[in-house]
Every structure is written in C-alpha cells, then in structure tokens.
Amino acid sequence: MNELKRKELGLQSRLTNETFKFDERYGNGYFSASYFLKTEKIIKDNFPDAMVTMQFFTRKPSILCGVDEAIALLHTFAKNPENLKIEALNDGDEVSPMEPVLKVHGRYQDFGYLEGAIDGILARRTSVCTNCSELMKVKSPNSNVMFFGDRDDDPINHKGDGYAAYVAGIKLVCSDAMGEWTGLQGIGTMPHALIIMHEKDLIAASEDFHRAFPNDNLTVLVDTNNDVITDTLLVARHFKEKLFGVRVDTSISLVDKYFDRNPVNDPSVETRGVNVTLIKALRKALDDERFNHVKIVVSSGFTAEKVALFTKENAPVDTYGVGGSLIKCTRSFTGDVVNINGKAMAKEGRKEIHSDRLQEVKYPIK
C-alpha cells in the first residue's frame, strides 16, 4: 500500500522480519522445492556471475497483498541481499492480469531458491485480501464485518490472514493471532458450548458470561434452540439496556421455529439457515418492544454473494461474521526469469513487462 494508506491503517512504512518473524529454516531451503535448491547449485557452479531479472505476476484481477512479506523474506534470507535490486508494488494495490507486482534483479544463486516461497506468500495473502475486498464492496455501508477465519484452516495462517483482511478494510478479528501484525485484539460473542454447558439455559449462560467479562459488549448467541426471535426477546427483556446485541448462527440445514408460526408458501423465499425474512422479523420484534439499541450479528455460511443479497434486500444486519469463504485460495502467482545479463530471455509466451508503477525498495528497510 502507498504511504498515505499505510498511515491511515496505522502501519509503519514497509513491514520487516521484525513483524513477520520468519522460521529460520527458510535460510537452509527447508521450505523450498528441491529442484530450486538443485538449480541453485548448478547455476552457482556454471554461471556464478550471471545477473537475472525475475518477475512475479498473477493471472486474475486482484487486490495485492503479501508484497511486504515477500520483500522481508528476500532481505532476511537472500544471500547478499544488499546487492539485489527489488522493485515492487504495494500491499492493497489493485493489479491487472499479468501485471508484474515484484521484480528482483541479481545473481540467481543469491535468491532463486526463494521463488516458490514468494509465490506462496503472494498467493495466500492476495487471495484472502481480494476475497475480503469483494465482500466489503457489496455489504451495506451501515454494516461491519468480523473476520471469522479461525475454524476453517490451520492456525498457523491466522497472522497472515488477519493482516490480509485488515489491508482489505476489515478491522474486527476473532483471535489475537489474527491481529498480531496490525495491533488488533480478538473479540467475539459466545460459543454454543457455553449455552449447552448451562443445559441450554440461555439466561444463566449469559449471566455467567456478563459476570466474567463485565466490560465486554454483551452479545448473546440466540439460535441454540432454533427459535431465534423467542430467545432474543427472552434475553432482551431480562438484560434490557445491558444487552448490546444478539448473534444468529442458524445452520443452513435448519428452518427456524419462527416459520412454524409464520408459514411461507412462496418457494422462492429462503427459510433455511440465516435468511433475510428471519432477520427482518427479528429486527421488527426487537423494535416493537423498544429494544432498538440491540445490534444484530449474523454468521454461518456467509459469502460475498449472500452478503450482496442481504444488502439488496435491506436486511438489518449490523455485523457479518464471515470465515471460510474469505480464506479460499483464488489467486496463484508465478515467478519467471525474463532477463539474463541484460538480454531478454524467457520461456515461450513470457517476456519482461515494463511497469511505471513499480517502486524500488532499498535495503535495508528503515
């Protein structure tokens, strides 16, 4: 991202290994495909002084992320990093298909073995950032998004995924790990387990939660009994102004009991899971009893397409909790050697692409 956007997000100029804390085994090739390591040896033995240019690109329009991390990787583990010339775009930049986002100029044996790791970093971060950006574009301006990416992937990805979501504009995360690179702290409501442990006594579970964490905004999970409106009014009448919000997390396999009392005969109207009709009815029920202050949080199976539908139908959602759909890898990256000793040289169909957008990144980053 450019310097203005970095300042808006509260980040330093370029993030370094001080932030990313890379596994030291990158340095001995532990994370590199074996053929990169074998190639490094052959190049070192036969073309020790050859200068190459490697450029990285993706094939889909994207919101770029992972560039700072890739540069920090090079500065930390490349041999003689001070002799590399690195040109790059910024995290948060919109990029076009085949547009170079990173160029590295130097001796192949100094950095070539990191090609696969750079591809992977750019692919993961850009995928998450792009997915999050697409969702942010279709949500209502009055709604927030909480990044629920904790349960759909290996926890080792939490830090990078949380950063990518942050670059896309999502400032609510569910674990401290997701906010490690940005300074955010994990927040949340309560799990079904807490309510089940209280034998589905929603008031008792909520009382214990509020007693244990009195400074948290009390947001109660209300779908455990599959009767969202009844249970919402139960807790609203009990807690009154103390109740900050309710979260609806109904499984797509269930139809809430509201529809038993209010049958819908139109097959085009969705009644399963968390749906527009249920959420509108919930808002009305709260407002009818003057609980206008109570916020509505929704989760369970939300995608950009589902959020867009809720926005189109003016569903009164204050916060979307979204996870699995945001962490799918939808972008891949490729690194190509495109120039050797000043001579254009690349595989058929590829060539070095000039870009006025690339900025040189000096070593070391200060």
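**Sheet and salt bridges in a predicted model**

In this predicted model, 6 strands form an open sheet with parallel pairing, in the order E7-E6-E11-E10-E9-E8. Local features need pLDDT of at least 70 and side-chain atom pairs count only at pLDDT 80 or more, while totals for chains, interfaces and linings use all residues. Residues are numbered from 1 along each chain as its sequence is written, and side-chain values use heavy atoms, with hydrogens and water left out.

User: What makes E7 and E8 the edge strands?
Analyst: Strand E7 (172-173) and strand E8 (218-221) each pair on one side only. Strands are DSSP runs (E, at least two residues), numbered from the N terminus.

User: How do you know that E6 and E7 pair?
Analyst: Two strands pair if DSSP finds at least two bridges between them. Strand E6 (residues 144-147) and E7 have 2 bridges, in the parallel sense, so they meet that definition.

User: Why is the contact of Asp 288 with Lys 284 called a salt bridge?
Analyst: The term requires a side-chain nitrogen of Lys or Arg within 4 Å of a carboxyl oxygen of Asp or Glu. Here the closest N and O atoms are 2.8 Å apart, so the pair qualifies. The two residues are 4 apart in helix H12, about one helical turn.

User: Why is Lys 362 called exposed, and Glu 360 partly exposed?
Analyst: Exposed means over 50% relative accessible area, buried under 20%, and partly exposed in between (1.4 Å probe, protein chains only). Lys 362 has 56%, so exposed applies. Glu 360 has 41%, so partly exposed applies.
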